[in-house]
Amino acid sequence: MSLLQKLDQVVARHAELQAALSGGALDSQKFVAASKEYADLGPLVDAVNEWRKAEQELKDTEALAADPDMKAMAEEEAAELKKRLPLLEHAVKRMLLPKDAADEKNAILEIRAGTGGDEAALFGADLFRMYQRYAAEHGWKFEIMELSDTGIGGYKEAIATVSGKGVFARLKFESGVHRVQRVPATEGSGRIHTSAATVAVLPEAEEFDVKIDEKDLRIDVFRASGPGGQSVNTTDSAVRITHIPTGVVVSQQDEKSQHKNKAKAMKILRARLYDAERQRRDDARAADRKGQVGSGDRSERIRTYNFPQSRVTDHRINLTLYRLDEVMEGRALDEIIDALIADDEATRLAELAS
């Protein structure tokens with residue numbers, strides 16, 4: 001279906017809804033649904049009408065240019081309209097792009113040390129702090145849910161909830177393998193090592209987003225332990241929840257209360273199951289998303305942080321910044337994320353036109 005045909009359908013549907021709403025024949029439930037759809041389509045129809053009006057004005061102005069007395073004024077007006085038309089067309093196309101229902105959700109951020117031993121865990125901790133600072137830059141709430149400390153400042157695993165406006169929309173492209181190249185603090189010979197950490201950004205799921213049946217859960221309680229396995233709690237407050245149908249396992253032990261640990265574990269479990277369902281839906285549309293920014297696959301290497309050169313490279317869009325310190329402080333991360341969002345939008349706009 002061509003773009004113009006899609007727009008004709010939208011305008012026709014908007015008119016159909018307007019007639020139905022003013023006809024008084026809809027019951028209350030259908031009236032509410034129709035009102036919402038009508039309101040949602042309104043801005044797009046307004047943008048389409050403005051674009052079509054400008055196109056008609058251009059045709060009228062070009063016709064006026066045939067009159068010698070009107071030629072100069074008509075050509076000047078036509079030049080302005082020709083500048084304006086591509087902007088109006090782009091605005092309409094952007095509004096046609098399907099919205100990601102999860103974009104306005106909060107996010108659960110999970111970071112795990114990958115290859116590289118202690119250095120990978122130290123890098124994982126650096127990434128965790130980077131996102132913590134980035135959240136502060138945006139006025140988001142950053143709540144630590146779990147930290148698995150190595151004892152020397154590294155994190156084998158770190159989980160946090162990030163809450164605020166548009167959190168998932170900005171963080172969702174961060175999922176994947178982040179690689180670091182630097183001389184580890186533990187390295188005496190000065191050799192550069194390469195290690196990695198995996199980042200997963202999951203949309204926080206509400207209870208209505210994913211249904212979890214209690215009979216599908218196995219809940220185990222145990223004593224919390226610290227680095228090296230030593231007991232840090234004299235009661236069985238730590239909780240491990242296994243979702244039997246999928247095999248997903250979540251453990252929580254940061255709180256002293258078993259009830260709080262269970263609530264946190266359920267929050268993470270819901271997010272992981274919701275994310276898995278989103279991934280399944282995405283896989284079903286795999287042919288349509290080949291060109292998108294990465295695949296979101298946790299095994300895909302997405303970015304390299306090279307400390308000796310103060311360089312950050314995002315491999316999906318071939319973007320390199322020589323401002324590593326600013327990126328790690330969270331201040332320059334927006335530059336990378338903005339470029340990723342723009343690239344994704346450009347790809348989807350190209351697909352829309354094809």
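Student: Just after helix 1, which glycine takes a positive phi, and of about what size?

Tutor: Bear in mind throughout that this is a predicted model. Helix 1 covers residues 3-23, and the residue to look at lies just after helix 1. There the phi is positive, and the residue with that phi of about 75° is glycine 24.

Student: How many residues does helix 1 have, and what distance does helix 1 reach from its first C-alpha to its last?

Tutor: Helix 1 runs over residues 3-23 and has 21 residues. At 1.5 Å a residue, a span of 30 Å is expected, and the reach from the first C-alpha to the last is close to that value, at 30 Å.

Student: Which residues are buried in helix 1, and what arc do they cover around the axis?

Tutor: The buried residues of helix 1 are Leu3, Leu7, Val10, His14, Leu17 and Leu21. They lie on the same side of helix 1, because the arc that they cover around the axis is only 85°.

Student: What covers the buried residues of helix 1, and which exposed residues does the face turned away carry?

Tutor: The cover over the buried residues includes helix 2, residues 28-64, and helix 3, residues 71-96. On the face of helix 1 that is turned away from its buried side, the exposed residues are Leu4 and Gly23.

Student: How many aromatic pairs does the structure hold, and what are the distance and angle for phenylalanine 128 and tyrosine 155?

Tutor: The structure holds four aromatic pairs. One of them joins phenylalanine 128 and tyrosine 155 in an edge-to-face arrangement, with 5.8 Å centre to centre and 85° between the planes.

Student: Where do phenylalanine 128 and tyrosine 155 lie, and how many residues apart are they?

Tutor: Phenylalanine 128 belongs to helix 4, residues 117-137, and tyrosine 155 belongs to strand 3, residues 155-163. Both phenylalanine 128 and tyrosine 155 are buried.

Student: Are the rings of tyrosine 134 and tryptophan 140 stacked or edge-to-face, and why?

Tutor: Both tyrosine 134 and tryptophan 140 are buried. Their ring centres are 5.6 Å apart and their planes stand at 80°, and planes over 60 degrees apart count as edge-to-face. The pair of tyrosine 134 and tryptophan 140 is therefore edge-to-face.

Student: Which residues does histidine 315 touch, not counting residues up to four places away in sequence?

Tutor: Histidine 315 is found in the loop between strand 10, residues 311-314, and strand 11, residues 319-321, and it is partly exposed, with a relative accessible area of 26%. Isoleucine 302, which is 13 residues apart from histidine 315 in sequence, is 5.5 Å away from it in space, C-alpha to C-alpha. Histidine 315 touches Arg179, Arg301, Ile302, Arg303 and Thr304.

Student: What phi does serine 310 have, and what phi does asparagine 318 have?

Tutor: Most residues other than glycine have a negative phi. Serine 310 is found in the loop between strand 9, residues 301-306, and strand 10, whereas asparagine 318 is found in the loop between strand 10 and strand 11. Serine 310 is partly exposed at 26% relative accessible area, and asparagine 318 is exposed at 69%. Serine 310 has a positive phi of about 50°, and asparagine 318 likewise has a positive phi, of about 50°.

Student: What distance separates the C-alpha atoms of proline 98 and arginine 348?

Tutor: Proline 98 has its place in the loop between helix 3 and strand 1, residues 107-113, and at 59% relative accessibility it counts as exposed. Arginine 348 is 250 residues apart from proline 98 along the chain, and their C-alpha atoms are separated by 9.1 Å.

Terms used: Residues numbered from 1 in each chain as written. Predicted model: local features only at pLDDT ≥ 70, side-chain atom pairs only at ≥ 80, totals over all residues. Heavy atoms only, no water. Helix = DSSP H or I, 4+ residues; strand = E, 2+ residues; numbered from the N terminus. Expected span 1.5 Å × (residues − 1). Buried < 20%, exposed > 50% of the residue type's maximum accessible area, 1.4 Å probe, protein only. Arc of directions from axis to C-beta. Contact = heavy atoms within 4.5 Å. Phe/Tyr/Trp six-rings, centres within 6.5 Å; stacked < 30°, edge-to-face > 60°.
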